[in-house]
2 protein chains.
Amino acid sequence: MKDPIPSKEEFMQVCDRVKPYVHKTPVLTSSFLNEISGASLFFKCENFQKMGAFKMRGAINAILQLSDEQKKAGVVTHSSGNFAQALSLAAQNLGVKAYIVMPENAPNVKKEAVSSYGGSITESKSTLEARENAANNIVLEKGATFIHPSNNREVILGQGTAAAELLNNFPNLDYIISPVGGGGLIAGTALAAHYLSKKCKVLGGEPFGADDAFRSFQSGKIEENIEINTVADGLRTQLGDQNFPIIKKYVSEIIRVEEEEIITALRYIWERMKIVVEPSSAVALASVLRKKEKFRNKKIGIILSGGNVDLSNLPF
Amino acid sequence: MKDPIPSKEEFMQVCDRVKPYVHKTPVLTSSFLNEISGASLFFKCENFQKMGAFKMRGAINAILQLSDEQKKAGVVTHSSGNFAQALSLAAQNLGVKAYIVMPENAPNVKKEAVSSYGGSITESKSTLEARENAANNIVLEKGATFIHPSNNREVILGQGTAAAELLNNFPNLDYIISPVGGGGLIAGTALAAHYLSKKCKVLGGEPFGADDAFRSFQSGKIEENIEINTVADGLRTQLGDQNFPIIKKYVSEIIRVEEEEIITALRYIWERMKIVVEPSSAVALASVLRKKEKFRNKKIGIILSGGNVDLSNLPF
C-alpha cells in the first residue's frame, strides 16, 4: 500500500505529466488590494484555466494514471459542479469516455456545459446515496473507473500543480491561501508548498456556513457539515480520508469567514481586478482581510479557484 | 496651424511619452470565441488599464503636453464617465490639479471614484450647456486648461497607443475593431494602424441606438445623435471636429449592432473569457459576430475599452 502522503518525487512527476494538458494560468496583482490588505497579494488565476477552474488539473492527472484498458472503459464521477465539466473535458482531450451522474434537479446550464465537453449524463435523484448508486451501476455495467472529485490521490496531486506554478514564479511567498471545499485543492497546495518552499505556509479559507475542515482540524478527525449555508457553492462539500491526512500534516491553519466578508471580497475582485471569479474563490481573500494583523507586510499567494458563475444569479 | 492629421513622427513620440505612465495591457484569446466567430480574435484588454479604461492613455498624454505654467494651473473637463476618472488619476500621478464638472445627478459611485483619484468635483445641472458653462468658469477663474474627453488632438493620439501595443505584439492583424463613442479611441486606433501596419484596416462598432458615426461616415459631415438608446453607456457621445477628419480618412467601415447583439457579446466575454468589461467593450465583438462572412479566417484585434461597470445594475 502506498504511503498516504505522496512523496516529492511522485508530486514532481505529476507536475511534468499534467503540464502539457493545462494552461499555465497568469498571476495578477492589484495595488488597491495590496493597499487595503497591507500585504503583497499574488492571485493565481485558475478562473482562466481550461473549463474555468483548477479542477481540470486533477481530472487530467487522474485519467493519465489509468492503464490503457481502464482508459478504454471510461471514467465516471458524480458531481453537479466544476468536476463534472473537468472530467468531461479532460476525458474528451484524452480520447476517453466520461460518464457523469448528475442530480435530476441540476440546473440546465450545468448539464449543457457537461454535454458540450462530451460528458455522457446519467440523471439520478439528488440524495448522495442515489448518486453513489448510479455511479456504482456504471462502474459495474461499463467497467468504468470511478474518480472522486476531491478524495482521490491523483486528483489531489493534480490540483497541487497550480501552487507549484505559483511557487516557481514567486519562490519567496510567506503564505499560500486556498479555499477549502472537498479538500483536494488545499491538500495538493500543501504538498506543493511543502516540497517546493522552505518557508511558505499553507492556510485554508472556509465559510462559517460550511466549516467541516475547521472543526476537523480542531478535533483531529473528519467532522461533517451539519447545516450548510454559504454563497460559496463550491465549498459545500466534505473532506475525505485521502486528503485529510495531508491537510492535518501540512496545513497551518483554517480561517473561517462570514458570508458578508465573502461577498465583499468577491466584489473587490470583480470591481478592482476586472475578472470574473466564483464566490468560492473570494474566500481566500476574505480570510486575508479578516486577519490583517497576521498578514501585514507578508507575501501571500491566493488561489482563485475558478470563474464559473451564473451571471443571472449574482450575490450583488 | 498643425495639419489636422497627426504625422507618424508625432504619433511615435506620443507612444514613447505615454509608455511609462500606463500599463501595457495583456492580449487575451478565447478558443470558444474563435470557434463561434470563425476568425482569430486578439482582445486588447484595456479593462486592465489603470482606472479601468483606455481613457488613461489620452489623459496622460494631454497633461504631459502642457507647459509647466499650464500644469501649475491645473486641468478641467466635464464628464460623468471614465474620462473624469482618467483625468483625475493622470493629473494626480503627474502632480497636477484636476477640476471635474459632473452633473448633479451623477451616481454617487462615480463621484466617489473621481474623488478617490484626487479630482476636485464641481456639480452642475445636467444639460450640456450648464456643464460647458461650469467648465468655462473654471478655465476663467483658475486658469486651468480644458481637456475634452475625446475631441482633443493629444487625447486622440494617446488613445491610439493601445492599438500600437497590440500591433507591436501582433503585426499581422487584418483588422482592428474598436467601439465608437466620442471618436477619440477609433481615431487614435486608425492612426496607429495606418502608421504601423501595411494591411491592417480599422473598423468601428457602434450601437444602432447611437449611430452618429455611421451616419456621419455616410454623409461626410458630422451628424448628431437624436434619440439615444443603448446599454453601451460609453458610446452615447458625439464625434467631434478633431477626430472626424481622421476617422473619415483612415477608418474603413462602421458596423452597427443591435442591443441584443451587444448583450450576447458581453455575456460571452464575461462567461467565456472570465473578465469584467463594460457593455461598450462588447460592441466590437458583436460587430464580428454580426458579419461573420466578412471576417471568416481573418486575424482581428478587438479593443476591449474598459471594465468599469455597476455590478448592481447589469444587463443580465
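This is a predicted model: local features need pLDDT of at least 70, side-chain atom pairs count only at pLDDT 80 or more; totals for chains, interfaces and linings use all residues.
**Relation of the two chains**

**The interface between chain B and chain A**

In the contact between the chains, 19 residues of chain B meet 19 residues of chain A. Of the interface residues of chain B, 100% are also interface residues in chain A, so the copies meet through the same surface. Together the two chains bury about 1500 Å², and carbon and sulfur atoms account for 59% of that area. On the side of chain B, the residues that lose the most area to chain A are Lys274(B), Val276(B) and Leu311(B), which together give 44% of what that side buries. By class, the residues of chain B that touch chain A comprise 9 nonpolar, 5 polar and 5 charged.

As to polar interactions, 8 residue pairs are in polar contact across the interface of chain B and chain A, both residues being at pLDDT 80 or more. The number of salt bridges between chain B and chain A is 0.

**The two domains of chain A**

Chain A is divided into domain 1, made up of residues 8-53 and 153-304, and domain 2, covering residues 56-146. Their C-alpha centres lie 25 Å apart. Domain 1 of chain A contributes 23 residues to the contact, and domain 2 of chain A contributes 17 residues.

The table sets out computed values for two interfaces.

| Interface | Buried area | Share on carbon and sulfur atoms |
|---|---|---|
| Chain B and chain A | about 1500 Å² | 59% |
| Domain 1 of chain A and domain 2 of chain A | about 1600 Å² | 59% |

Between domain 1 and domain 2 of chain A there are 2 salt bridges. In chain A, Glu165(A) forms a salt bridge with Arg57(A), with the closest N and O atoms 3.0 Å apart. The domain interface of chain A also has 10 residue pairs in polar contact, both residues being at pLDDT 80 or more.

On the side of domain 1 of chain A that touches domain 2 of chain A, the elements giving two or more residues are helix 1 (8-18) and helix 8 (153-169) of chain A. Helix 8 of chain A supplies the largest share of that side, 8 residues.

**Salt bridges in the structure**

Over all chains, the structure holds 33 salt bridges. In chain A, Asp211(A) forms a salt bridge with Arg256(A), the closest N and O atoms being 2.9 Å apart. This pair links distant parts of the chain, 45 residues apart. Asp211(A) lies in the loop between strand 8 (201-207) and helix 10 (212-219) of chain A, whereas Arg256(A) belongs to strand 9 (residues 251-257) of chain A.

Methods
Residues are numbered from 1 along each chain as its sequence is written. Chains are lettered from A and ligands numbered from 1 in the order in which they are written. Side-chain values use heavy atoms; hydrogens and water are left out. Contact means heavy atoms within 4.5 Å. Buried area is the accessible area (1.4 Å probe) that two parts lose on being put together, summed over both. A salt bridge is a side-chain nitrogen of Lys or Arg within 4 Å of a carboxyl oxygen of Asp or Glu. A polar contact is a pair of N or O atoms within 3.5 Å; within protein, one must be able to donate a hydrogen and the other to accept it, and residues adjacent in sequence count only if both atoms are side-chain atoms. Ala, Val, Leu, Ile, Met, Phe, Trp, Tyr, Cys and Pro count as nonpolar, Asp, Glu, Lys and Arg as charged, and the others, Gly among them, as polar. Domain bounds come from an automatic or database domain assignment. Helices (H or I, at least four residues) and strands (E, at least two) are DSSP runs, numbered from the N terminus.
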